[in-house]
Amino acid sequence: MVDTYTLYSKTVVNSAFCVSFAVISCAQVEDPCKIKSRVAADDKYCDKYWECDGGQSVQYDCPNGLVFAGKHRGVTEGCDYPWRSNYCEYPKVQINPPNGVEHCDWLYGIFGHETSCTRYWTCWNGTATEQLCIGGLLYNENAHSCDWPENVDGCQKHPLCNEDPNGNVPLGKSCNRYWQCQGGYPRLQRCPAMLVFDRRSLRCVVPPTEECDVPTTTPPPPEEVQEERQQVPHKSHRPSQEYQDPQGRTRPRN
C-alpha cells in the first residue's frame, strides 16, 4: 500500500506518484522530479499541482479562486485567474470550494459591483478593493474587465443619454468639450482645433455660434506666426558709428 499523508495544503507521496482522496488511485501525472521545471499540473484538477520537494512528489493547492498556470506564471505562486488562457478546460475542474468574503466570491478574483455598472471589485487574499471603469466604460462580467457599453447587457442607461442613447450632449458651458452617448453611456469628447460645440445642432462647427466665439487658447496657424515675425523690427548688432567725448559731445567715429 502506498504511504501517503497530508501536510497543510499538500499531499506527499513516497513510493509511487499517486493521488490520495477517498481511495488511492494512480494519477496520469508526469513526475515533477523527472522534469526540468520540477513542477507539473494535476491531470484532473485545475487548482492543484505537483512539485518536486526534497526528491518527493508533493501536491499543492493554488490560492482560493486561482488555477495552476505554470512555474513563474500567473499572478501568484504559479497560479492565475481561471478565465485566462486555457488553464482550466474540460474535463478538468476546480475541486476546492469558494471561500468567499464580503464582495469576493473567492479569496482571489475580479468581481462585479453589487449596485454599480461602472465599478467592480478586485480581491486579493480576501481583501476587496473597489475599482472604477473610466472613459464611459462599464464592467463586463463575462470578460472580467471594463468594456464598451454596447457589449454589456443588463446595465441601466445613464441619465445624460435618456433622450438619445447614441447622441451628443453639451457639457455645461464648455465650448469645446461635450458628452458623446454610445449605447446609453456618455464618453467625454473634445472638438477638433478651432472648432466649437454648437448646442443647437449638437455637433462641432466653425465658430462663432450663439454661445461661443472663436477659441483664443489655440495657437495661431504657422503662416500667421511667420507674418508676425516679419513685422517685428530686428535690432542691429553693428557698433554705433558715433561716440561721446569726455565733454559729452557726440562725435563721428573715424
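Is tyrosine 139 buried or exposed, and what is its relative accessible area? Tyrosine 139 is buried, with a relative accessible area of 5%, where buried means under 20%, exposed over 50% and partly exposed in between (1.4 Å probe, protein chains only).

The model is predicted, so that local features need pLDDT of at least 70 and side-chain atom pairs count only at pLDDT 80 or more, while totals for chains, interfaces and linings use all residues. Residues are numbered from 1 along each chain as its sequence is written, and side-chain values use heavy atoms, with hydrogens and water left out.

The structure holds six aromatic pairs, a pair being rings of Phe, Tyr and Trp (its six-membered ring) with centres within 6.5 Å, counted as stacked when the planes are under 30 degrees apart, edge-to-face when over 60 and tilted for the rest. Two stacked pairs are set out here.

| Pair | Ring centres | Planes |
|---|---|---|
| Tyrosine 81 and tryptophan 83 | 4.8 Å | 5 degrees |
| Tyrosine 120 and tyrosine 139 | 5.0 Å | 15 degrees |

The pair of tyrosine 120 and tyrosine 139 links distant parts of the chain, 19 residues apart. Tyrosine 81 is buried at 8% relative accessible area, whereas tryptophan 83 is partly exposed at 30%.

The largest nonpolar core has 16 residues, and Tyr49, Cys62 and Leu66 have the most contacts inside it; such a core is a set of buried Ala, Val, Leu, Ile, Met, Phe, Trp, Tyr and Cys residues joined through side-chain atoms within 4.5 Å. Because domain 1 (25-97) and domain 2 (109-151) both give residues to this core, it lies between them, the domain bounds coming from an automatic or database domain assignment.

Conventions:
Helix = DSSP H or I, 4+ residues; strand = E, 2+ residues; numbered from the N terminus.
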